[in-house]
Amino acid sequence: MKLTNRYEQTSCRLQVEGLPDLSAGQGDQTIGILTGFSLDLAGHTELAGQREHLQAMVAAVLPYARQLLSGVPRCCGADSDPVAIRPHAGRHQLELRSSQPDTPPLALQLDDAELADLVRCLDQLRLDPRLALPFEQPPLQPLRRRELRHRQPLAQRIAAPLVGVGVLLLSAVVSALLPLQRPAPAPAANPAAVSSPQRGG
Amino acid sequence: MADAPSHPQRPLPRRGIERLDLMLLCAEALDLNGGEAMVWLSEEMGFTDLLPNRVELWKRRCSNPLRRTTRRDLPTPAESDALIRICNALADRLYPMLRSLLSTAEPPQLSAQRWQLFEGRLAELLRERFNLRRGGVQRLLDPEQGPSLSRELIQALAFSAGPGGFERLKASLMDPVV
C-alpha cells in the first residue's frame with residue numbers, strides 16, 4: 001500500500017510517496033522505501049525526483065540555512081551534485097541538475113521568505129517519525145573563526161592591529177627623540193677624606 | 001520539539017546571549033504581548049524550575065552586556081537552552097509576520113509600512129531598556145545601519161522557527177567572536 005506524506009508552508013508544498021519496508025520490521029504507516037517526491041515552489045516551478053535528489057536537497061539547503069543564521073552564507077553542494085544553493089544578488093539561487101542527459105540545469109531565485117518556507121518543509125520531513133530514511137547533513141556546530149572572518153570588512157578587521165603597531169612605532173620614535181639625561185659627573189676624590197681616617201678615642 | 005544537539009553542554013558566550021536577547025526583543029517589538037507570551041511559553045514548555053517567574057526570565061536576559069542593567073554572571077547551559085527554546089517557540093508563533101516582512105512578493109508600500117512600524121517599536125524598546133552609550137545599541141538606532149541590522153535579526157528569527165530551528169539557532173549562538 002502506497003503511503004503519502006505532505007509538508008506545507010505558504011510558498012512550498014513537499015509531497016513524498018513510498019512504501020513501508022516490512023522486511024526491516026517497520027510499521028505499516030512508516031515510509032522506508034521512498035518511491036518519489038514532488039516539490040511545488042509557488043511562483044517558480046514544480047519538481048519531481050527520486051530519493052537521492054531529496055537527500056541532496058536536504059544536504060545542501062539545511063547547512064546553507066545554518067550558515068545564513070550566522071550571517072555568512074556560502075555555496076552548499078558541489079557542481080556535480082543534483083542540488084546546490086548559493087547567495088546571489090541578495091537572494092538565494094537554488095540550482096537543480098537533472099540526472100537525465102541533455103536537460104539544462106535549472107536555477108531558481110528564492111527570497112528569504114521562500115527559502116524559510118523550504119527550510120521548514122525540509123525540517124518537518126527530516127524529523128518526521130513516519131519516515132525511516134537517512135538524511136545526511138553535517139552536524140550543527142558553531143562555525144570556525146576563519147569561516148566567520150569575512151563577516152567583518154577587511155578594514156575593520158585590520159584596524160585594531162594597525163593602530164596598535166602604529167602607536168608602538170610612534171612611542172618608539174618619541175622615546176628615541178627624547179634627550180637622554182647625562183649621568184652627573186662623579187664627585188672629585190677627596191684624598192684627605194680617604195687618607196686620614198679619624199679614629200675615635 | 002527538536003532533540004538537543006549532541007555537542008557537549010557549554011554556556012552560551014556573552015555575544016550569543018547578546019544576540020539571543022536582541023532576537024527576543026524583536027519578538028516583543030512584533031507582538032505587543034510578547035513579554036507575556038514569553039512567560040506563558042516558559043510555563044507551557046515546563047521551564048518553571050529554571051525560569052519560575054518574569055523576574056528570573058528578565059535576570060537571565062540581563063546577561064546581555066548591551067542592557068542598561070547588566071549582570072556579570074552568564075546563564076547556565078540549561079537556562080540558555082530554555083531561553084533558546086522560548087525564542088524558537090516565539091519565532092514559530094510569529095512566523096507569518098516574519099515571513100510577510102521578508103517576502104519580496106508583498107506590495108512594497110505595505111512592506112515599508114510594516115518595517116517602519118517594527119523598527120519604531122524596536123527603537124522604543126531599545127531606548128527604554130538598553131545602554132545608549134554602547135556602540136552596538138547606537139548602531140541599531142542609527143538610521144543608516146539600523147535597518148540592515150534589524151533585517152538580519154528578523155531573518156535569524158525566521159530561520160530559527162520550526163522543528164529544526166532550536167538546533168540551528170543554538171549552533172549559531174555558540175559561534176566564536178571574530
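How many residues of chain A are in contact with how many residues of chain B? In this predicted model, 27 residues of chain A are in contact with 27 residues of chain B. On the side of chain A that touches chain B, the elements that give two or more residues are α1 (51-69), α2 (112-126) and α3 (145-148) of chain A. The largest share of that side, eight residues, comes from α2(A). Sorted by class, the side of chain A that touches chain B has 12 nonpolar, six polar and nine charged residues.

The predictor gives the complex an ipTM of 0.90 and a pTM of 0.83. Chain A has a mean pLDDT of 85, with 90% of its residues reaching 70 or more, while chain B has a mean pLDDT of 92, with 96% of its residues reaching 70 or more. Within chain A, confidence is lowest in helix α5 (residues 191-195), where the mean is 54, and highest in α2(A), where it is 95. In chain B, pLDDT stays under 50 over residues 1-6, and for this stretch the model has 11 contacts beyond four places in sequence. Where pLDDT is low, the predicted coordinates should not be read in detail.

The helix α2(A), which gives eight residues to the side of chain A that touches chain B, is mostly covered, with 13 of its 15 residues buried. At 1.5 Å a residue, the 15 residues of α2(A) should span 21 Å, and because its end C-alpha atoms are 21 Å apart, the two values agree.

Another part of the contact between the chains is a pair of helices, one from each chain. Two packed helices are described by the angle between their axes and the distance between the axes. The axes of α1(A) and helix α8 (residues 146-160) of chain B come within 9 Å and cross at roughly 145 degrees, and the crossing of α1(A) and α8(B) is left-handed. From α1(A), the contact is made by A:A65, A:L68 and A:L69, and from α8(B) by B:A156, B:F159 and B:S160. The residues of this contact of α1(A) with α8(B) divide into five nonpolar, one polar and no charged.

In helix α1 of chain A lies A:P63, which counts as partly exposed because it has 19 C-beta neighbours inside 10 Å, where a buried residue would need 20 or more. Leaving aside its neighbours within four places in sequence, A:P63 is in contact with A:C76, A:Q137 and A:P138. A:P63 and A:C75 are 12 residues apart in sequence and, from C-alpha to C-alpha, 9.6 Å apart in space.

B:E152 and B:L102 are 50 residues apart in sequence, yet their C-alpha atoms are 10 Å apart in space. Just after α8(B), B:G162 takes a positive phi of about 90 degrees.

Chain B also has the helix α1 (residues 14-30), whose 17 residues should span 24 Å at 1.5 Å a residue, in agreement with the 24 Å between its end C-alpha atoms. Of the 17 residues of α1(B), 13 are buried, so this helix is largely enclosed by the rest of the structure.

B:T70 lies in the loop between α3 (54-61) and α4 (77-93) of chain B, and with 14 C-beta neighbours inside 10 Å it counts as partly exposed. Not counting residues up to four places away in sequence, B:T70 touches B:C62, B:N64 and B:P65, whereas B:T70 and B:L51, 19 residues apart in sequence, are 18 Å apart in space from C-alpha to C-alpha. In chain A, A:A89 is found in the loop between β5 (83-88) and β6 (91-96), and A:A89 counts as exposed because it has 7 C-beta neighbours inside 10 Å. Most residues other than glycine have a negative phi. The phi of A:A89, however, is near 50 degrees, a positive value in a residue other than glycine.

Conventions. Residues are numbered from 1 along each chain as its sequence is written. Chains are lettered from A and ligands numbered from 1 in the order in which they are written. This is a predicted model: local features need pLDDT of at least 70, side-chain atom pairs count only at pLDDT 80 or more; totals for chains, interfaces and linings use all residues. Two residues are in contact if their C-beta atoms, placed from the backbone, lie within 7 Å. Helices (H or I, at least four residues) and strands (E, at least two) are DSSP runs, numbered from the N terminus. Ala, Val, Leu, Ile, Met, Phe, Trp, Tyr, Cys and Pro count as nonpolar, Asp, Glu, Lys and Arg as charged, and the others, Gly among them, as polar. pLDDT is the predictor's confidence in each residue, from 0 to 100. The expected span of a helix is 1.5 Å times one less than its number of residues. A residue is buried if 20 or more other C-beta atoms lie within 10 Å of its own, exposed if 12 or fewer, and partly exposed in between; C-beta atoms are placed from the backbone. Axes are lines fitted to C-alpha atoms, for helices over the stretch in contact, and angles run from 0 to 180 degrees between N-to-C directions. A crossing is left-handed if the near helix is turned anticlockwise from the far one by less than a right angle, and right-handed if clockwise.
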